[in-house]
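These are my notebook entries from a sitting with one structure, kept in the order in which I looked things up.

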Amino acid sequence: MHATSLAQPLQFNQARAVTADTEFYPDLPNARTIALPDDWAVSRPGETGPVWYRVTFDAENARANGELMALYIERACSSVAVLLNGKLIHVSGRLTEPVSRNCQRPQLISLPGALIEPRGNQLDLKLVGFPVHQVASRQRAAGLSVMELGSHAALSAKHTLRTTFSIRLPQVIGGSLILVGGLIFAMGWVNRAQSFLAYYGALLIGWALVLSRQWLSDLPWPNASSEFLLAILASFVTFAAVQFLMRYGSERRRWIDIGLPLQCALMPLTLMIAGPQRLHTMASLWYLVLALEVGAAVAVYLHKVWHIRRPQFWLMSALGTLMTVAAAVEFLAQQLTIDQRLVDVAQLLPPLMFMSLGLRMVQQYGRALQDAQHDRAELERRVQEATTQIERSFAHLADMKVEQVTERERKRIAADLHDDLGAKLLTIVHTSDNERISTLAREALEEMRLSVRGLTGKPVPLLNALGDWRAEVISRLSQAGVDGAWQAPAEDEVPQMLSARAYVQTTRILREAVSNIIKHSGASRCTVRCIIANGDFQLIVQDNGNGIPLELDGRLDRGHGMASMKHRAKQLRGQCLVESGPGYGTVIRLTLPLDQHVAPA
Amino acid sequence: MKSILLLEDLPEIRTWLKSLVIQVFPNAQIVECARVHDALAQVSAQKFELALIDLGLPDGSGVDVVSALRESQPEALSVIVTIHDDDEHLFPALQAGAYGYILKEQSRELITEQLQRISQGEPPLSPSIARKVIAYFAAQPKPQVDTLPHVSLTERESEVLLRVAKGFTLPEIGVQLGLSRHTIADYVKQIYRKLNVSSRAEAALEAQRLGLFRR
């Protein structure tokens, strides 16, 4: 018998209890006083209930106070009906199968003032639940906690706090886990190269389902099925967790890929074979095995990451430690009765850890995406570069090929000319009795040779050309007994190149000029001057001979080759001027524009 | 001159050359060939003091005959008689051991004179050939094998070559360097000889390298 003043809530630490499936509290002789909290597994092992509890209290000032009174039950597992003075005032859920699952849901029951007597009030509770061996977790084994009686306002705060922890937070967290998990799963599903994302998403969703046991009360199937489903859910969560860890650490194993799904099939099988009466034992065994598997996967992953990414190791091992602590608390809670608040906190740890790791993964994914885009841009740039390079090389190769073919063809023509035309002309040169014909043939041969050189020749340095011309002019003049002089710019003033054509034509003009001097001028002295000035190359051949008589200039031009000299100069876009007067000698000025035929070296 | 080899495939030119050679060396015994094959046979059969060799022949190049002669009869004078005046054709012949060259289309008088000069030890040297020789020796690598002689030009030889390349005639160079005509001619001969020796060393080295590869 208790008396209550509303200022201080009344705590019921014991109650009369009797097992009976009746409508009202039965007056049976086997009723006995038991201590609260009452755990069926301890007080009545093997029994399946229901159990009636009765507590009594006095409430003398309660009515005068006018305050609403309430009964607060922290835990009434699985479902409870409350009667005040024989009147039903509260049912927490269904009391017959499928029994509502309200083990984690605290009950705050308002006591109607009209039913409260000043003295000897009787509170009867009919508790429906399941013995520990029928449930997968001790948390859902039948039992009644300490009850408190007091003002509704005072107890409501307690009730709200408790509800927040055991119902609202799991709901909110479960929802978030499904959201984040779904997102990550989709990311992993789309991007098969990062399959660990899909497993991680599955892990989060699985965990959200596990959390739903806290608040999901009314299911359309018997309790035994719910417990069975919850138990095998653990194997799927383990599947996702282990696969995620292995793939995240790039440690794919074929036997794991096969073993885990097999295990998911094996677990329900063994549970079914063991039967609902041994569910708890069997499930506990399985939990141990699954926990060991996850632990091993964590170890493998951490070992791997230790050698590759040290910062990641510290992060993951911190999370792993938290997870281990949570798992240890959970495991202990299965075997012993532990402070509920500790269990609550432990239960919240894994989801929080999952969320943070999930966010980190999304961040990594985003960064990887960014990197991939960057890499792609880089790759495109390189491909572009390589393409340009290849095109350039190809063009170069094609040019070279054309040059090669042209060069070969020129050589062939040159060889043919030498072998056929050259041989015949040579024969004429040396077999003709007619001096004029043999001279003509010799000149033709020289012409041919120069033509071939113009055909096959590469540009020659102007300096080399000057050397060749000097040697020829001086030796020819000296052989003819003419005193020859040669004036040319210093070596370093002649860096230009001369095209083969310009070289050949200039050689011919010079040769013709020297021939004229030797044959016709009667000169005793000849000066050749080479000048590079104003972008022009000038060759001045001056003799002190007879000059070219006017009438001869007109009539016998061909013999002197003046016309052909002028023609050749014109071909090179230059000019050839002849200044001559009887008795004054002859001056031949050949001027070639350098930019046409003399390219800088 | 006692015995002279004349290698030329065109009959008219050969006849003409023969008459020219007889004019310069009236008592010489002249062996005429029209093919490289025949010439090589003659070279192995008897000794020659002078050989006039055409380059472009129906069954090969006269350069082979120059090499053979250089190999078996180092005292014999090989002179190229050709229609090609470009150094691309002449230089290999000079490397093979020819002591000079004559352009076929020149007048009888000119060729006669050149022949006399060559036989007296005054080989010709054109500016373009001189440039080629300079470039050849400049590109010569340092000897890698001690057993092979490393040939290099002396300062005077280089000087002569440089002046020839600039277009100075050999008599002019003689005046410029204060040397006699014979000394200059000796330099030129020396240059030809070194060109040949160096080329042979190079060829030997090349052969040895190939041999090493095959082993």
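Entry one. I began where the two chains meet, in a model that is predicted, and found that the contact takes 22 residues from chain A and 19 residues from chain B.

Entry two. I then turned to chain A as a whole, where the secondary structure comes to 16 helices and 22 strands. Of its 601 residues, 35% count as buried. I also looked up the contacts in chain A with a separation of 6 or more, and residues 24 or more positions apart account for 73% of them.

Next I picked out two helices of chain A, H4 (residues 195–211) and H5 (residues 223–248), which pack with their axes 8 Å apart and at an angle of about 150 degrees. Because an angle over 145 degrees counts as roughly antiparallel, I wrote down H4(A) as roughly antiparallel to H5(A).

Which residues of H4(A) meet H5(A)? On the H4(A) side I found, among others, Phe196(A), Tyr199(A), Leu203(A) and Trp207(A), while the residues they and their neighbours meet in H5(A) include Leu233(A), Phe236(A), Ala240(A) and Arg247(A). Dividing the residues of this contact of H4(A) with H5(A) by class, I recorded 15 nonpolar, three polar and one charged.

Note on methods:
Residues are numbered from 1 along each chain as its sequence is written. Chains are lettered from A and ligands numbered from 1 in the order in which they are written. This is a predicted model: local features need pLDDT of at least 70, side-chain atom pairs count only at pLDDT 80 or more; totals for chains, interfaces and linings use all residues. Axes are lines fitted to C-alpha atoms, for helices over the stretch in contact, and angles run from 0 to 180 degrees between N-to-C directions. Helices (H or I, at least four residues) and strands (E, at least two) are DSSP runs, numbered from the N terminus. Angles under 35 degrees count as roughly parallel, over 145 as roughly antiparallel, 65 to 115 as roughly perpendicular and the rest as oblique. Two residues are in contact if their C-beta atoms, placed from the backbone, lie within 7 Å. Ala, Val, Leu, Ile, Met, Phe, Trp, Tyr, Cys and Pro count as nonpolar, Asp, Glu, Lys and Arg as charged, and the others, Gly among them, as polar. A residue is buried if 20 or more other C-beta atoms lie within 10 Å of its own, exposed if 12 or fewer, and partly exposed in between; C-beta atoms are placed from the backbone.
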